[in-house]
Amino acid sequence: MNNTQEQIHFTVNIVLDNDGEANFTYSINGKEVTGGGVVRTETAGVYSLDEATVAEGFLFTDATITDVDKETPCAQDFSFKVSDNGRTITIIDTDENPGTACLVFNVECNGKAYESADPQVINEKKLLSND
């Protein structure tokens, strides 16, 4: 990660519901958030599993990033890196192209694969100031 990009740190909690589906909850400094958002500059979203999720056996394996609207493609702006033995995944967005991307986290727990719901990321042009 370079020094000019904005960094946003998310804590991720995953629990299995009664149907065996993985429910992902995202928070920043203890406040629940969507996990996605609007980006106006090069940004690194750092998603770290909380201790309870790691204790259950969940680990990040990768991410699937696709365009929501093929008319405004921006998925190519994204890359990811899994680190800390699967406890953290960093999503880097260069924000070079406007558009909305679908971001799906892929995790594994005790040999079984799960996917997150889609926290969408919207790339917008940088705001210009007249200063």
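Mentor: Happy to, and let's start at a pairing: Thr 11 stands opposite Ser 48 in S5. Keep in mind that this is a predicted model. S5 covers residues 43-49, and the strand is largely enclosed by the rest of the structure because six of its seven residues are buried.

Look at its partners next. With S1, S5 pairs in the parallel sense, over seven bridges. With S8 (residues 88-93), S5 runs antiparallel, and six bridges join the two. On that S8 side, Thr 43 stands opposite Asp 93.

Setting aside neighbours within four places in sequence, Glu 6 is in contact with Thr 41, Glu 42, Thr 43 and Ala 44. Glu 6 counts as partly exposed because its relative accessibility is 40%.

Now move along S5 to Tyr 47. Beyond its neighbours within four places in sequence, Tyr 47 is in contact with a list of residues including Phe 10, Val 12, Phe 60, Ile 91 and Phe 105. The largest nonpolar core has 24 residues, and Tyr 47 is one of those that touch the most other members, together with Val 12, Ile 14, Phe 24, Phe 60, Ile 91 and Phe 105. S1, S2, S5, S6, S8 and S9 each supply at least two residues of this core, and S9 gives the most, with five. As a general background, nonpolar side chains tend to be buried together in soluble globular proteins.

Technical notes:
Residues numbered from 1 in each chain as written. Predicted model: local features only at pLDDT ≥ 70, side-chain atom pairs only at ≥ 80, totals over all residues. Heavy atoms only, no water. Buried < 20%, exposed > 50% of the residue type's maximum accessible area, 1.4 Å probe, protein only. Contact = heavy atoms within 4.5 Å. Helix = DSSP H or I, 4+ residues; strand = E, 2+ residues; numbered from the N terminus. Pairing = 2+ DSSP bridges. Core = buried A, V, L, I, M, F, W, Y, C linked by side-chain atoms within 4.5 Å.
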